[in-house]
Amino acid sequence: MIPEFQTLDEAVRTSFPIESCHLVALRKHGDAAVALFNTRPSAEPYLYQVNYQRQNGRWSEGISSNGPGWSALYPDSDLGVETVWGEAPAGADRVRGELDGRIIEEAIANGIYLLVWWDVPSSDAHVTAFRVTGQWVRAPTTAERFQALRDTWPHTRDS
């Protein structure tokens, strides 16, 4: 049986032990909510998303994941919630993202961002820019992020 709570705050506080986790961001839309947790606040962040739903006046956990993306909000519906989240560049205080022409901006908290689009079909949302020291800077593309990651991998030489 899934535990139910009178308030969203109660449901969020019971998702993880408070001594080992930090709530980074919470977004609410009607009877649905998305929380982003840092489950490793004493080291390099390990982010985890938990979706919540309210039914019959009571809140409970729904789908959770260690990656952003789309999830259904309602049974028998093609609409859901799309999320994009991650670590922001140093000095960034805002993030901007786009999903099928819908642009949103949010504040960055503790170096982490969360963007949420509600009541949308499954699609491909992405970050387009970060505001760093007052200037908007284009976000790297997925290919650019992957190449930067590859550049950090150890290189071997043929002997």
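Before I start, a reminder to myself: two strands pair if DSSP finds at least two bridges between them. I also keep in mind that this is a predicted model.

**Entry one: the strands around β7**

I looked up the neighbours of strand β7, residues 92-99. Strand β8, residues 102-107, runs antiparallel to β7, and six bridges join the two. β7 and β8 form a hairpin, with two residues between them. In that turn I found Asp100, whose phi is positive, about 50°.

Next I turned to strand β10, residues 126-132. β10 is also antiparallel to β7, again with six bridges. Here I noted that Arg96 is bridged to Ala129.

**Entry two: what does the charged end of Arg96 sit over?**

I followed the side chain and found the ring of Trp136, with the charged end 3.8 Å from the ring's centre.

**Entry three: aromatic rings**

How many aromatic pairs does a search of the whole structure find? I got three. One pair I looked at is Tyr113 with Phe130: the ring centres are 5.4 Å apart and the planes are at 65°, so I wrote it down as edge-to-face. Tyr113 belongs to strand β9 (residues 112-120) and Phe130 to β10, so this pair ties together parts 17 residues apart in sequence.

Last, I noted one aromatic cluster, formed by Phe16, Phe37 and Tyr48.

Definitions and conventions: Residues are numbered from 1 along each chain as its sequence is written. This is a predicted model: local features need pLDDT of at least 70, side-chain atom pairs count only at pLDDT 80 or more; totals for chains, interfaces and linings use all residues. Side-chain values use heavy atoms; hydrogens and water are left out. Helices (H or I, at least four residues) and strands (E, at least two) are DSSP runs, numbered from the N terminus. Rings of Phe, Tyr and Trp (its six-membered ring) pair if their centres lie within 6.5 Å; planes under 30 degrees apart count as stacked, over 60 as edge-to-face and the rest as tilted. A charge sits over a ring if NZ of Lys or CZ of Arg is within 6 Å of the ring centre and within 35 degrees of the ring normal.
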